[in-house]
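Let's take a friendly look at one structure, starting with a metal site and then moving on to the nonpolar core. Have a look at the sequence and the model first.

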Amino acid sequence: MLNCRKATRLLSDRLDRPLTLKENVHLKIHLLWCSGCRNFGGHMHRMRNISRGFVDFGADDTTPDGGE
Ligand SMILES: [Zn+2]
């Protein structure tokens, strides 16, 4: 059975690589009864999206503002 430490590890690994079927099943089962890790996973996902958004925003933010 997965403990919280391993579950959060898998949640962060999942962003960088596809999990194996076994890892996925264990993680899903853990998330069914552990709301803490469920929240952590959701938070992690949002953080990843936000940091992506910042990269895009940074690129768009370099609009030239020198013209008359
Ligand atoms: Zn947990």
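A donor here is an N, O or S atom within 2.8 Å of the metal. Keep in mind that this is a predicted model. Along the chain, the donors of the zinc ion follow the spacing C-x25-H-x3-C-x2-C. Which residues are they? Cys4 (SG), His30 (NE2), Cys34 (SG) and Cys37 (SG) coordinate the zinc ion, at 2.0 to 2.4 Å.

What about the geometry? The four donor atoms subtend angles of 102 to 114 degrees around the zinc ion, so the arrangement is tetrahedral. For four tetrahedral donors, the ideal angle at a metal is 109.5 degrees.

Now compare how accessible two of these cysteines are:

| Residue | Relative accessibility | Class |
|---|---|---|
| Cys4 | 38% | partly exposed |
| Cys37 | 3% | buried |

Cys37 counts as buried because its 3% falls under the 20% cut-off.

On to the core. Nine residues make up the largest nonpolar core: Leu2, Ala7, Leu10, Leu11, Leu19, Leu27, Leu31, Cys34 and Cys37. Helices α1 and α2 (21-33) each supply at least two residues of this core, and the largest share, three residues, comes from α1. In soluble globular proteins, nonpolar side chains tend to be buried together.

If you leave aside its neighbours within four places in sequence, Leu19 is in contact with Leu10, Asp13, Arg14, Asn24 and Leu27.

Methods. Residues numbered from 1 in each chain as written. Predicted model: local features only at pLDDT ≥ 70, side-chain atom pairs only at ≥ 80, totals over all residues. Heavy atoms only, no water. Donors = N, O, S within 2.8 Å, 3.2 Å for Na, K, Ca; no water. Tetrahedral: all angles 85-135°; square planar, octahedral: opposite > 155°, others 65-115°. Buried < 20%, exposed > 50% of the residue type's maximum accessible area, 1.4 Å probe, protein only. Core = buried A, V, L, I, M, F, W, Y, C linked by side-chain atoms within 4.5 Å. Helix = DSSP H or I, 4+ residues; strand = E, 2+ residues; numbered from the N terminus. Contact = heavy atoms within 4.5 Å.
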